[in-house]
Amino acid sequence: MTTISVVFDFDGSLATSFVGGMMFNGYISESKLYIARERFQSATTSLRLYQEEVFDSVSQTPAEMSQRAADGAKIRPLAHELCEQVRKTGGSAAVASAGLDFYIKPVLGRANLDQLNIHSGIVVSDPTCPPPFRYDYPSAGDACEGDWVTCKCKVINDLRNEVAYSEVIFIGDGTGADECAAANAADKIFARGRLLTYCKENKIPVTEFGDDFGPVLSYVENKTSANGAQ
Ligand SMILES: [Zn+2]
């Protein structure tokens with residue numbers, strides 16, 4: 001029986017919105033955000049450094065932002081059902097995000113998805129202290145080409161290597177690390193937004209998902225029943 005695991009991008013994929021943006025928008029001066037964004041868009045800074053620059057200028061502590069994330073962010077419908085179906089195949093589910101743990105964890109916690117392994121940047125300084133924060137990047141592997149906080153390719157490859165004859169699904173919507181994971185690591189890709197466009201333009205097989213994870217759930221269910229019939 002094929003074991004199927006799933007790796008979710010977080011912002012805009014497992015979560016329905018850009019939760020990272022919800023954390024800093026309105027909590028950093030427009031001019032500081034503009035300067036940081038210019039430096040990132042002109043490739044002066046990496047995504048990792050851009051994110052640090054932005055969060056080191058916010059007016060809240062990680063604890064305050066965690067609370068806002070838990071209250072304001074939503075998980076895409078059918079995430080539970082999908083994780084449950086994946087577990088039935090013997091696989092596991094993980095989050096691979098270029099974002100930071102203090103806003104990912106509380107959203108998963110509120111949605112009873114604590115069992116997901118989270119690979120992201122981590123703020124290691126006291127959550128009740130204002131910025132600048134101290135950061136750690138335990139999931140920054142070297143399988144990816146860019147400095148994208150988390151090497152999603154490594155997360156996918158590690159999951160595949162855990163079990164023989166396993167397949168790893170990647171679910172994403174972004175650029176950078178999402179594109180790298182789709183092009184170089186994932187066995188099956190579900191995408192929306194910019195990742196969907198990228199896959200189509202580069203002739204990478206992809207299935208679109210929308211308001212819920214219905215297409216992914218159907219795919220795993222079909223695979224599971226096909227396995228059972230063998
Ligand atoms: Zn990669």
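Two strands pair if DSSP finds at least two bridges between them, where strands (E, at least two residues) and helices (H or I, at least four) are DSSP runs numbered from the N terminus. The views show a predicted model, in which local features need pLDDT of at least 70 and side-chain atom pairs count only at pLDDT 80 or more, whereas totals for chains, interfaces and linings use all residues. Residues are numbered from 1 along each chain as its sequence is written.

**View 1. Strand 1 and its parallel partners.** Three bridges join strand 1 to strand 2 (residues 93-100), the two running parallel, and within strand 2 the bridge partner of V7 is A94. Strand 1 also pairs in the parallel sense with strand 5 (residues 166-172), over six bridges, and here I4 stands opposite E167.

**View 2. Burial along strand 1.** Of the six residues in strand 1 (residues 3-8), five are buried, so that the strand is mostly covered; a residue is called buried if 20 or more other C-beta atoms, placed from the backbone, lie within 10 Å of its own, exposed if 12 or fewer do, and partly exposed in between. In the chain, buried residues make up 42% of the 230 residues.

**View 3. The surroundings of F190.** F190, found in strand 6 (residues 188-191), is buried because 25 other C-beta atoms lie within 10 Å. Leaving aside neighbours within four places in sequence, F190 is in contact with I169, I171, T207, F209, P215 and V216, contact being defined by C-beta atoms, placed from the backbone, that lie within 7 Å. The C-alpha atoms of F190 and T207 are separated by 4.8 Å, although the two residues are 17 residues apart along the chain.

Conventions:
Two residues are in contact if their C-beta atoms, placed from the backbone, lie within 7 Å.
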